[in-house]
Amino acid sequence: MTIELPSFSPCDALVAVMVAVSASDQTYRTSELVAIQRSVDHYPVFAKYDDERIRAISQTVMTLFEEEDGLDALFGLIRDALPEKLYETAYALACDVGAADGRLYEGEVAMLAEIRHQLNIPRLHAAAIELSAQVRHRVL
């Protein structure tokens, strides 16, 4: 089955990266969904974004995850939509979603590695981004 791929705006691509991390372990945790909504509600990059699009973007990600080459298609959409200056922003948002529930699951670790690879995030930059997400989501 071939699906018709939509085009993403830069903000759609950022949302898709966050949803991909949340969906990567087949469990959608409330803390992760709240992290996505909070990011869209509060970060300046989303200032003009219609958050009603989150559901449609989420559905696109889920549909692509069910396809044989869906992950490649998803990253093609993301790279086509995102300016390179937002690649590290995308990775930071992805790390925040992964860290939102206090731990990273195997699927999330693998998805973050794929995002690093697909967006060509330098390893030192990735480590700094990962540590900042980790410390922001610590609990007592």
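Q: Which residues touch the most other members of the largest nonpolar core?
A: F8, V15, F46, I78 and I115 do, in a core of 46 residues. A nonpolar core here is a set of buried Ala, Val, Leu, Ile, Met, Phe, Trp, Tyr and Cys residues joined through side-chain atoms within 4.5 Å. Buried means under 20% relative accessible area, exposed over 50%, and partly exposed in between (1.4 Å probe, protein chains only).

Q: And which elements give two or more residues to this core?
A: Those are α1 (10–23), α2 (30–42), α3 (53–65), α4 (70–81), α5 (87–99), α6 (106–118) and α7 (123–136). The largest share, 11 residues, comes from α1. Helices (H or I, at least four residues) and strands (E, at least two) are DSSP runs, numbered from the N terminus.

Q: Before I go on, what kind of model is this?
A: It's a predicted model: local features need pLDDT of at least 70, side-chain atom pairs count only at pLDDT 80 or more, and totals for chains, interfaces and linings use all residues. Residues are numbered from 1 along each chain as its sequence is written, and side-chain values use heavy atoms, with hydrogens and water left out.

Q: Back to I115, what does it touch?
A: Not counting residues up to four places away in sequence, I115 touches V17, V21, F75, Y91, A94, N120 and I121. Contact means heavy atoms within 4.5 Å.

Q: OK, charges. How many salt bridges does the structure hold?
A: Seven. The cut-off is a side-chain nitrogen of Lys or Arg within 4 Å of a carboxyl oxygen of Asp or Glu.

Q: What does R29 pair with?
A: R29 forms a salt bridge with D25, closest N and O atoms 2.6 Å apart, and E32 forms one with R29 at 3.9 Å. D25 counts as buried because its relative accessibility is 13%, R29 is buried at 18%, and E32 is buried at 0%.

Q: Where do R136 and D96 sit?
A: R136 is in helix α7 and D96 in helix α5, 40 residues apart, so the pair links distant parts of the chain. Their side chains meet in a salt bridge (2.5 Å, N to O). R136 is partly exposed at 46%, whereas D96 is buried at 6%.

Q: Which residues join into one network through shared partners?
A: D25, R29, E32 and D101.

Q: Last one: what does UniProt list for residues 12–126?
A: An unreviewed entry lists "domain: Co-chaperone DjlA N-terminal" there. UniProt positions are given in the numbering used here, feature names are shortened, and annotations may be inferred rather than shown by experiment. That span is 70% helix and 0% strand, with its end C-alpha atoms 22 Å apart.
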